[in-house]
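Visitor: Could you show me how to read helix packing and buried residues here?
Guide: Gladly; let us look together.

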Amino acid sequence: IDGLGYGDDGQIWGGEVFIASYTDYKRVGRLEYHRMPGGDLAVMYPVRMLVSILKKLMTEDEILDFLLKRSLLKGLRGKEKELKIIFQQYHKAPLTSSLGRILDAVSYLLKICWARTYEGEPAIKLEAAAKGGRSIEPIELPIIKENGLYVVETVSMFKFLLDYLDQAKTMDLAYTAQYVLGKSLGSIAVKSALSQGIDTIVVSGGAAVNSIIIKGIKHVADEHDLKVYLPNKVPAGDGGIALGQVAHVAAIYLDDN
């Protein structure tokens, strides 16, 4: 669970569940794909990811009306003119299953972070804003089977957030969004582990430092007596990934020799 990583299907990954060994892996689940209008600009300006997700729920006129009424045009440097450009970019934009980009969009929707000025800023501020929060109600995100993979329909979470914007505290909405994302990924991991007789779930990537997401994952794992392991002596993000690459190549080399 991370920001962005190139996937073997040509798309941008970052919200994945694998069954893996040191030498091989099989992708068994992911978050729903959303487009990244403007590519890297969608990383710097979270409003772009929010607009991309809203495109699945509203017409372009409805999105403009919503952003105006909610005073959510602040993150668009060119305001309405830039929004029209995003609409034009949308259909040719790359797809991503990144958890980081989902957290960015939630952070923007809840007016927690308008633009990223350092790595992980929207997600970091979202977790901080959820301090003292609680789950509003037990919500379950739909998990469908698509081309043999479990897929979490994250657009459903945004439907929920939109319904509760005027009814719940920001900290509760922030907490609920992160917790339910963790539970959804945890559900896929648990199903996949049980089907293979595996009793261990390992969580890595930059978002593995998010305590609320981890709490959601552990909630599901604990129900089935599965162990959850987190990076301890190595970084959860890029540093750990680099070490993992070395371990992978070393394991293949040892297998071949």
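**Helices and a buried glutamate**

Guide: H5 and H8 are roughly antiparallel to each other, because their angle falls in that class (under 35 degrees counts as roughly parallel, over 145 as roughly antiparallel, 65 to 115 as roughly perpendicular and the rest as oblique). This is a predicted model, in which local features need pLDDT of at least 70 and side-chain atom pairs count only at pLDDT 80 or more, while totals for chains, interfaces and linings use all residues. Residues are numbered from 1 along each chain as its sequence is written, and side-chain values use heavy atoms, leaving out hydrogens and water.

Visitor: At roughly what angle do the axes of H5 and H8 cross?
Guide: Axes are lines fitted to C-alpha atoms, for helices over the stretch in contact, with angles from 0 to 180 degrees between N-to-C directions. Helices are DSSP runs of H or I with at least four residues, strands are E runs of at least two, and both are numbered from the N terminus. Here the axes of H5 (residues 99-109) and H8 cross at roughly 155° and come within 11 Å.

Visitor: Which residues of H5 and H8 meet?
Guide: Contact means heavy atoms within 4.5 Å. From H5, Leu99, Ile102, Leu103 and Val106 meet Ala177, Gln178, Leu181 and Leu185 of H8.

Visitor: How many residues of H5 are buried?
Guide: Buried means under 20% relative accessible area, exposed over 50%, and partly exposed in between, with a 1.4 Å probe and protein chains only. Eleven of the eleven residues of H5 are buried, so H5 is largely enclosed by the rest of the structure. Among them are Arg101 and Asp104.

Visitor: What caps the N-terminal end of H5?
Guide: Serine 98 does, with a side-chain oxygen 3.1 Å from the backbone nitrogen of glycine 100. Just after H5, lysine 111 has a positive phi of about 60°.

Visitor: Is glutamate 16 buried or exposed?
Guide: Glutamate 16, in strand S3 (residues 16-20), counts as buried because its relative accessibility is 12%.

Visitor: Which side chain does glutamate 16 join in a polar contact?
Guide: A polar contact is a pair of N or O atoms within 3.5 Å; within protein, one must be able to donate a hydrogen and the other to accept it, and residues adjacent in sequence count only if both atoms are side-chain atoms. The side chain of glutamate 16 makes one of 2.8 Å with that of arginine 27. A polar atom of the glutamate 16 side chain also lies 2.8 Å from the backbone nitrogen of glycine 14.
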